[in-house]
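Okay, thanks everyone, let me get the model up on the screen. I'll walk through a few spots in it, one at a time.

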Amino acid sequence: MRVTVVGCAGSFPSADSAASSYLVEVDDDAGRTWRVVLDLGNGALGALQQYCDPADVDLFGVSHMHSDHCADLVVLGVYLKYRPEGSRPAVPVHAPDGAAARLAQMAGSDPATGLTGCLDVRPWVEGEPVDVGPLRLEPVGVEHPVPAFGLRVTGPSEADPGRRVTFAYTGDTDECAGLGTLATDVDLLLAEAAYLEGRDDALRGVHLTGRRAGHAATAHGARRLVLTHLVAWNDPAVTLAEARGEYAGPVELARPGAVYEL
């Protein structure tokens with residue numbers, strides 16, 4: 001399994017990164033590459049084309065319907081409708097319930113958006129995994145002001161295809177039971193850390209800090225921690241130091257283009 005950071009900026013694209021988007025790839029025994037993209041925020045469709053043809057993605061999984069996690073699904077519809085190579089079957093998009101109406105609202109009444117017939121929007125159901133080739137996606141409800149899910153993705157190891165590995169992505173969340181479920185015994189925990197200790201303490205139920213992400217990784221046995229969804233007004237070195245104060249394992253900041261082989 002390979003995880004590529006397509007975009008990791010929080011709240012809106014930064015000067016050097018698209019908003020949230022992560023490409024998960026795995027090769028099956030026949031040599032076919034299966035691709036899942038988790039979130040497709042503002043600017044991510046452009047960045048995604050550095051790594052694959054968006055039409056070759058087998059499934060888009062959306063954590064929640066804030067624009068920095070889903071906005072480029074609208075322009076993905078345009079791409080899939082008008083690409084010179086012709087149309088393909090509607091690509092599955094799994095997202096919280098109500099996502100189809102939210103995307104239609106974002107697209108407006110312009111028929112050129114191409115959402116109809118291009119995106120097959122389906123709701124996540126907690127406890128019901130979604131299989132994509134050799135990958136299994138498990139949605140886990142988390143705490144955010146809108147309905148939101150983190151995802152556990154399990155598939156064959158890159159180095160040893162006979163061994164299964166697990167990658168977890170928190171989406172946007174504060175500390176909650178779902179965060180513990182996501183972090184438990186994972187090979188890689190990709191955790192958002194948009195808030196800072198001592199400044200955002202009163203803003204609960206929205207985001208993690210580096211300290212909270214590090215605590216979850218330690219408490220639940222995550223073997224590697226990567227911090228993402230970093231907002232422009234924070235010093236990333238402070239976020240990293242917060243996490244290192246709670247977690248003794250390998251920890252780093254997400255950056256566009258980083259590839260993690262599990």
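Before the first spot, a quick definition: when I say polar contact, I mean a pair of N or O atoms within 3.5 Å; within protein, one must be able to donate a hydrogen and the other to accept it, and residues adjacent in sequence count only if both atoms are side-chain atoms. Also, this is a predicted model, so local features need pLDDT of at least 70 and side-chain atom pairs count only at pLDDT 80 or more, while totals for chains, interfaces and linings use all residues. Residues are numbered from 1 along each chain as its sequence is written, and side-chain values use heavy atoms, with hydrogens and water left out.

So, where does T209 sit? Look in the loop between β12 (188–192) and α6 (210–220). Helices here are DSSP runs of H or I with at least four residues, strands are runs of E with at least two, and both are numbered from the N terminus. T209 is buried, at a relative accessible area of 0%. For the record, buried is under 20% relative accessible area, exposed is over 50%, and partly exposed is in between, with a 1.4 Å probe and protein chains only. The side chain of T209 makes a polar contact of 2.5 Å with the side chain of E197. Skipping neighbours within four places in sequence, T209 has contacts (heavy atoms within 4.5 Å) with A193, Y195, L196, E197 and E242.

Next stop, α4, residues 99–107. Which of its residues are buried? They're A99, L103 and A107. Looking down the axis of α4, those buried residues fall within an arc of 75°, so they line one face of the helix; the arc is that of the directions from the helix axis to the C-beta atoms. Over on the other side, A101 and Q105 are exposed. The cover on the buried residues of α4 includes α2 (67–70), α3 (72–82), β6 (91–95) and β7 (119–123).

Leaving out residues up to four places away in sequence, C70 touches L40, G41, V62, H64, M65, L103 and M106.

Now for some strands. β8 (130–132) and β9 (135–141) run antiparallel, joined by three bridges; I call two strands paired if DSSP finds at least two bridges between them. V130 stands opposite L137 in β9. The two strands make a hairpin with two residues between them, and G133 in the turn has a positive phi of about 55°. β9 also runs antiparallel to β10 (149–156), with six bridges, and there G141 stands opposite F149.

Last, the whole chain. It has seven helices and 15 strands. With 262 residues, a compact globule would have a radius of gyration near 18 Å, and the chain's 17 Å agrees; that's taken over C-alpha atoms, and the globule rule is 2.2 Å times the number of residues to the power 0.38. Buried residues make up 55% of the 262. And of the contacts between residues at least 6 apart in sequence, 61% join residues at least 24 apart.
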